[in-house]
Amino acid sequence: MNTKASGARPNGTATLTYGNKRIELPALKPTEGPDAIDIRKLYGEADIFTYDPGFTSTASCESDITFIDGEAGVLLYRGYPIDQLATESSFLEVCYLLLYGELPTASQLEQFDHTITYHTMVHEQISFLFRGFRRDAHPMAVMVGVVGALSAFYHDSTDITDKRQREIASHRLIAKMPTIAAMAYKYSIGQPFVYPLNHLGYTENFMRMCFAVPCQEYRSNPVLAKALDTIFILHADHEQNASTSTVRLAGSSGANPFACIAAGIACLWGPAHGGANEAALKMLKEIGSIDRVPQYVKRAKDKNDPFRLMGFGHRVYKNYDPRAKVMRDQCYAVLDELGNHNDPLLKTALELERIALQDDYFIEKKLYPNIDFYSGITLSALGFPSDMFTALFALARTVGWVAQWQEMIEDPQQKIGRPRQIYTGARRRDFVPREKRG
Ligand code: SDX
């Protein structure tokens, strides 16, 4: 399992002068992307911190897995462009690529598919966990709880120092997330759980677990299953985004893989991150029709209005999110297959995109549609309720999380993540007895 980062090349030094202090810091040259200055010795040798809230200019690790060029709108998984993988590959093949670093041979993929398939069932006791949730619990609340609880069931794959146990835990998480997500959905609608079938493909199996009912034969639609499989590819990894950084930070303390992925799910839930797909659909429904788009664009530009265009903007992409283009194509494919050519939500989304991309505010701030802008319309057309959208994002992102988690553990430079701060509070002062306070 090729899970160790290759390492950046030394590239001379940078000199920092501050007051009467002067320090030489090593510079690093990556395969792609900006050079970096290694500041690890800065505090020890010069008693100086750096300050970067939100980590806009900070690399937290070296990684071989995913590369993003935000200015050029490029996304590579292990060097392969996302649009090629979306067109040519399958989600399970992309899982192998992200985990092992290379595209699999036919026999390697067949073996991997068999391994994942035979991990798709969950321990029968897990089904009782769902009973503890209200039926109207948000599926992400259930996912956080149930995935974290896997630590209580799979003790033979929680020793993070054992390479084989890390691999089995990774396989279990990739395999069981669809089953758990489908169970969360079924529980929320009061329908019985549906067990996975080993003869079905990964995504087809998931759709059947979501939409089959005991009273009638479930017939899969291969066009829709392929569209969802492609959507999973788009969501599989995205370098050091907030939820992946959460997984790495949790893993840096030695927490077991199931606890780390539960932490990643919790972070992904936020509307500024993975919750944006649910928020974007809610926004499009609130806008309601194309004649109301201008007033919402005006609100998004108003500094005094907290409203933002959900599904727009990105910390890294200052050009069109390459995933959004593929997502829009999948949206068209699904709506065409279902005969929803005049979906009003799509019309509203296309008008919103047209107006925003011509508006100086969005042009100057380099705000483009991101992956979440079209995903909500597509997932809704596939039959998923909006509160399942982020659970689907978590299902797909699990492979990225476990690949990054593996890489972090194998990286000899990694240690427990423990940022410092700039303290701006009160100076030392003595305790004041209650009777002497004002
Ligand atoms: C994902 O990191 C990843 O890789 C995430 C992800 C992944 O695959 O893991 O790609 C998935 O999370 C995609 C992003 C989904 N989130 C949204 O669609 C929510 C709406 N977008 C914003 O909240 C925002 O764009 C962020 C959070 C995505 C990025 O925020 P940044 O980089 O911190 O940028 P910012 O908030 O500082 O915005 C810069 C300016 C600000 O104006 P000024 O203060 O400079 O005057 O742009 C404005 C913002 O007000 N702005 C928006 C806007 N997004 C930013 N204005 C209107 N609508 C928006 N959507």
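Student: Where does Lys366 lie?

Tutor: In this predicted model, Lys366 sits in the loop between helix 16 (360–364) and helix 17.

Student: Why is Lys366 called partly exposed?

Tutor: Its relative accessibility is 35%. Buried would need under 20% and exposed over 50%, so Lys366, at 35%, counts as partly exposed.

Student: What makes the phi of Lys366 worth a look?

Tutor: Lys366 has a positive phi of about 55° although it is not a glycine. Most residues other than glycine have a negative phi.

Student: Which other residue has a positive phi although it is not a glycine?

Tutor: Asp47 is one, with a phi of about 55°. Asp47 belongs to the loop between helix 1 (42–46) and strand 4 (66–69).

Student: Why is Asp47 called exposed?

Tutor: The cut-off for exposed is over 50%. Asp47 has a relative accessible area of 54%, so Asp47 is exposed.

Student: Now to a residue in helix 8 (residues 202–211). Why does Asn205 count as buried?

Tutor: Its relative accessibility is 4%, and buried means under 20%, so Asn205 counts as buried.

Student: What does the side chain of Asn205 reach?

Tutor: The Asn205 side chain comes to 2.9 Å from the backbone nitrogen of Leu197. A polar contact needs the two atoms within 3.5 Å, and 2.9 Å meets that distance. Leaving aside residues up to four places away in sequence, Asn205 touches Pro196, Leu197 and Leu200.

Student: Back to helix 17. What makes it mostly covered?

Tutor: Ten of its eleven residues are buried, among them Ile371, Phe373, Tyr374 and Leu379. The cover over these buried residues includes helix 9, helix 12 (276–287), helix 14, helix 15 and helix 18.

Student: Which residue caps the N-terminal end of helix 17?

Tutor: That is Asn370, with a side-chain oxygen 2.8 Å from the backbone nitrogen of Asp372. After helix 17 comes Gly383, with a positive phi near 110°.

Student: How do you know that helix 14 spans close to what is expected?

Tutor: Helix 14 (residues 322–338) has 17 residues, and from first C-alpha to last it reaches 25 Å. At 1.5 Å a residue the expected value is 24 Å, and the span is close to that. Just after this helix, Gly339 takes a positive phi of about 75°.

Student: Which residues of helix 14 are buried, and what covers them?

Tutor: The buried ones include Arg323, Met327, Gln330 and Val334. Among the elements that cover helix 14 are strand 5 (74–77), helix 2 (82–88) and helix 18 (389–410).

Student: Finally, the ligand. What surrounds it?

Tutor: There are 24 residues around the ligand, and the closest are His238, Leu309, His314, Arg323 and Arg397. By class, this shell has ten nonpolar, seven polar and seven charged residues.

Methods. Residues numbered from 1 in each chain as written. Predicted model: local features only at pLDDT ≥ 70, side-chain atom pairs only at ≥ 80, totals over all residues. Heavy atoms only, no water. Near = heavy atom within 4 Å. Nonpolar A, V, L, I, M, F, W, Y, C, P; charged D, E, K, R; others polar. Helix = DSSP H or I, 4+ residues; strand = E, 2+ residues; numbered from the N terminus. Expected span 1.5 Å × (residues − 1). Buried < 20%, exposed > 50% of the residue type's maximum accessible area, 1.4 Å probe, protein only. Contact = heavy atoms within 4.5 Å. Polar contact = N/O pair within 3.5 Å; in protein donor to acceptor, adjacent residues only side chain to side chain.
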